[in-house]
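Good morning, and thank you for the time.

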Amino acid sequence: MKVRDILITKGSEFESISPEQSVKEAITKLLEKKIGSLLVVRNNELLGIVTDRDLFWRMSREGDKALNGKVADIMTTKLIVGLPDDDIDIAMAYMTNNRFRHLPILDGSRVVGIISIGDIVKTQVQDLKVENRYLMDYITGKYPA
């Protein structure tokens, strides 16, 4: 299975924020949308990502004054990105080996979506359910001989 298959199922929409916006605005958007990351975009160019973890770390170091900072001050700029044609195993390895939960997906320089480790787990569970069903049908003789 490919990353594009996850995007087809979940959709290619993603939430973004500009680097000039405040940390408080980022927190508000994450909470309103019930998500864990925002892509940082300016003029349709992906500049970085800001996650709930980035915000927690900043808040733990600076307290309330961190709320007035800019997204540009806390975003991750050294991005690892996935491609629509990547196997899901590759995307999962990126996330696991580098200890992050959200992977922007690019086609050339254009963002075509974002996937989370949860999206991958959900897809794999669904695949296992289908495989289990086929095996159970085979074992119980539901297939003609």
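E13 sits in the loop that connects α1 to β1 (16–17). Helices here are DSSP runs of H or I with at least four residues, strands are runs of E with at least two, and both are numbered from the N terminus. The model is a predicted one, in which local features need pLDDT of at least 70 and side-chain atom pairs count only at pLDDT 80 or more, while totals for chains, interfaces and linings use all residues. Residues are numbered from 1 along each chain as its sequence is written, and side-chain values use heavy atoms, with hydrogens and water left out.

Is E13 buried or exposed? E13 has a relative accessible area of 63% and is therefore exposed. By the convention used, buried means under 20% relative accessible area, exposed means over 50%, and partly exposed lies in between, with a 1.4 Å probe and protein chains only. E13 and I114 are 101 residues apart in sequence, yet their C-alpha atoms are 7.9 Å apart in space.

In α1, residues 3–10, the buried residues are V3, I6 and L7. They cover an arc of only 100° around the axis, and so they lie on the same side of α1; the arc is taken from the directions from the helix axis to the C-beta atoms. I8 and T9 are exposed, on the face of α1 turned away from its buried side. After α1 comes G11, with a positive phi near 100°.

E13 and I114 meet again in the second largest pocket. This pocket holds about 220 Å³ of space. Of its 13 lining residues, the closest to the centre are K10, E13, F14, I35 and I114. A pocket, on a 1 Å grid over the protein atoms alone, is an open set of points where a 1.4 Å probe fits, with protein on both sides within 12 Å along at least five of seven lines; lining residues have an atom within 4 Å of a point. Grid points are joined across faces, edges and corners, and the volume is the space filled by probe spheres set on the points. Strand β5, residues 110–116, gives the most to this lining, with three residues.

Strand β5 also has a partner. β4 and β5 pair in the antiparallel sense over six bridges, where pairing requires that DSSP find at least two bridges between the strands. The two strands form a hairpin with two residues between them, and G108 in the turn has a positive phi of about 70°. H102 stands opposite S116 in β5. Five of the six residues of β4 are buried, so β4 is largely enclosed by the rest of the structure.

Which residues does T51 contact, leaving aside its neighbours within four places in sequence? They are L30, G36, S37 and H102, contact being heavy atoms within 4.5 Å. T51 counts as buried, at 13% relative accessibility.

Finally, the largest pocket has about 330 Å³ of space. Among its 16 lining residues, I49, T51, T76, R99 and F100 are the closest to its centre. α3 supplies the largest share of this lining, four residues.
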